[in-house]
Amino acid sequence: MKTFTQFKTEIMKKRGENEALDILDIKFKISKAITEKRTRENLTQKEFAEQIGVTQSAIFRFESGVVNPRWELLKKVTAGLGLRLTVK
C-alpha cells in the first residue's frame, strides 16, 4: 500500500499539480463534512467508532487526513452518520 506522500507525488506527476490539488481538496472536504456532522450529533470519535464497529484511531486518522481511507471505512463512516456518498 502506498503512503499518502507517495500517492500525492504520483498523482502530481501523472496529472499535473492543479489536478492533484483538486483531489486533495476533495479529500479535505469529505473529511471536514464528516467531522462536522459527527460533532453536530455530539459524538466523540470513540463513541462514533464504537457505533460503526471501528477503532477510535481509525476515525482520528480519517478525520485528520493522515491516511487515505479504504472504501469499507468510508462506507461505514458515511452510513453511520446518515450521509450518502456520491461519486461523479
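Biologist: Where in the chain is confidence lowest, and where is it highest?

Modeller: This is a predicted model, and its confidence is lowest in helix 1, residues 4-15, where the mean is 70, while helix 3, residues 45-52, has the highest, at 91.

Biologist: And what is the mean pLDDT of the chain?

Modeller: The mean pLDDT of the chain is 80, with 81% of the residues reaching 70 or more.

Biologist: How do the axes of helix 4 and helix 5 cross?

Modeller: The axes of helix 4, residues 56-64, and helix 5, residues 71-80, come within 12 Å of each other and cross at roughly 95°; an angle from 65 to 115 degrees counts as roughly perpendicular, and therefore that is how these two helices are described.

Biologist: Which residues make that contact?

Modeller: Helix 4 contributes A58, I59 and F62, and helix 5 contributes L73, L74 and V77. By type, the residues of this contact are 6 nonpolar, with no polar and no charged ones.

Biologist: Back to the whole chain, what percentage of the residues is buried?

Modeller: Of the 88 residues in the chain, 23% are buried, and the chain exposes about 6,400 Å², of which carbon and sulfur atoms supply 55%.

Biologist: What share of the contacts with a separation of 6 or more comes from residues 24 or more positions apart?

Modeller: Such residues account for 45% of those contacts in the chain.

Terms used. Residues numbered from 1 in each chain as written. Predicted model: local features only at pLDDT ≥ 70, side-chain atom pairs only at ≥ 80, totals over all residues. Heavy atoms only, no water. Axes fitted to C-alpha atoms, helices over the stretch in contact; angles between N-to-C directions. Helix = DSSP H or I, 4+ residues; strand = E, 2+ residues; numbered from the N terminus. Parallel < 35°, antiparallel > 145°, perpendicular 65-115°, else oblique. Contact = heavy atoms within 4.5 Å. Nonpolar A, V, L, I, M, F, W, Y, C, P; charged D, E, K, R; others polar. pLDDT = per-residue confidence, 0-100. Buried < 20%, exposed > 50% of the residue type's maximum accessible area, 1.4 Å probe, protein only. Areas by Shrake-Rupley, 256 points an atom, 1.4 Å probe, with all protein chains shown as cover.
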